[in-house]
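User: Hi! I am new to reading protein models and would like a close look at one part. Could you walk me through it slowly?

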Amino acid sequence: MTALHEVAPAKINLGLTLGPTRADGRHELVTVMQPVALCDRVRLTPAGLGAAEDEVHCPGVTGENLATAALRDFRARTGWHGAAVRIDIEKRIPVAAGMAGGSADAAAVLRLAARAAGVRDDRLLREIAAGLGADVPAQVRPRRYLATGAGERLHALPDPAPFGILVVRAPFGLSTGDVFREADRLGLPRSGAALEARSADLAAALAAGSPLAPGDLLLNDLEPAAVSLRPELQWTLDEVRGTGADHALVCGSGPTVIGLFADLELARSAAVALSGREPRPVAVEPWYPFFMPDLTP
Ligand code: ATP
């Protein structure tokens, strides 16, 4: 083995319905998780001669990396004793932006470790992923999912017809925990019955591969909480609507705002219109399972 490569696509949430808090402290929710073609690059190579421990190198991210935990949990659950490895992560997904970049990297590391160890068991990978975080299981085999539970119960949806996504990052981060706490303070969570109804409506609306559900099913219940913590996000939402987006919403717990367009060209024009913003907005399209490029040099 010289090197194994994986891409780790970011995700957006095409709407999010928030429900009650479960016994484990996590909120129930219903959301459509859509991977997008904005990807970190993740590489696995043998660690240096004499290295006893796995290493993760991820410029731009400080503190313990979720990829380190992924490798550790993979070894513990599979009993894989292969020689120490080195993981290199090239970040392109904005950090702490509500686009699940850390989860995407952790899932990519699980795929890499499985390839290195000769493990072919997606169910096991998803179990390990669930222990790492609510957004990780959906990234083990990225595709469009209807996610329920706390995000860990996944129902695969058909690939959508292409559409355009404008990604507008904020110059600040928002802690996911803070946004959920603010949502509780504002009394935003809905009843379990409302969640079930929303889940059924979304599954029906997207069953035939429609790019987007109708507007009322695209609402993000966390948006008022994110805006309450950072009122300037309301300006960003208005700015994105002003570019002609069919829909503008906060992505997950924010602070990233997304604009949805009929095609990539329209999203690109909107990115140009907002190019004075810092960080500069980008236009992307959905990520499809068949996009996985061969990155072997
Ligand atoms: P969440 O999944 O909680 O919604 P997010 O999508 O907003 O998070 P991430 O980019 O995943 O944001 O980063 C959340 C935090 O996780 C960061 O503050 C960072 O310190 C930590 N982290 C650990 N590993 C990684 C990684 N590989 N990439 C990015 N952040 C990481």
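At what angle do helix α1 (residues 66-78) and helix α2 (residues 101-117) pack, and how far apart are their axes?

Analyst: A word on the model comes first. This is a predicted model, where local features need pLDDT of at least 70 and side-chain atom pairs count only at pLDDT 80 or more, while totals for chains, interfaces and linings use all residues. Residues are numbered from 1 along each chain as its sequence is written, and side-chain values use heavy atoms, with hydrogens and water left out.

Now to your helices. Helix α1 and helix α2 pack at an angle of about 35°, and their axes are 8 Å apart. Here an axis is a line fitted to C-alpha atoms, for helices over the stretch in contact, and angles run from 0 to 180 degrees between N-to-C directions. Helices (H or I, at least four residues) and strands (E, at least two) are DSSP runs, numbered from the N terminus. The crossing of α1 past α2 is right-handed, a term used if the near helix is turned clockwise from the far one by less than a right angle.

Which residues touch? From α1 come Leu66, Ala67, Ala70, Leu71 and Phe74, and from α2 come Gly102, Ser103, Ala106, Val109, Leu110, Ala113, Ala114 and Ala117. Contact means heavy atoms within 4.5 Å. This set divides into eleven nonpolar, two polar and no charged residues. In that count, Ala, Val, Leu, Ile, Met, Phe, Trp, Tyr, Cys and Pro are nonpolar, Asp, Glu, Lys and Arg are charged, and the others, Gly among them, are polar.

Helix α2 also packs with helix α3 (residues 122-132), at an angle of about 145° and with axes 10 Å apart. This crossing of α2 past α3 is right-handed. On the α2 side, Ala106, Leu110 and Ala114 meet Leu125, Ile128, Ala129 and Leu132 of α3. The contact of α2 with α3 consists of seven nonpolar residues, with no polar and no charged ones.

Let us step back to the domains. The domain assignment gives domain 1 (4-156) and domain 2 (164-284), with bounds from an automatic or database assignment. Their C-alpha centres lie 22 Å apart, and the contact takes 27 residues from domain 1 and 36 residues from domain 2.

Finally, salt bridges: the structure holds 20 of them, each a side-chain nitrogen of Lys or Arg within 4 Å of a carboxyl oxygen of Asp or Glu. One of these pairs Arg43 with Asp88, whose closest N and O atoms are 3.3 Å apart. Arg43 lies in strand β2 (residues 27-46) and Asp88 in strand β4 (residues 85-90), so this pair ties together parts 45 residues apart in sequence.
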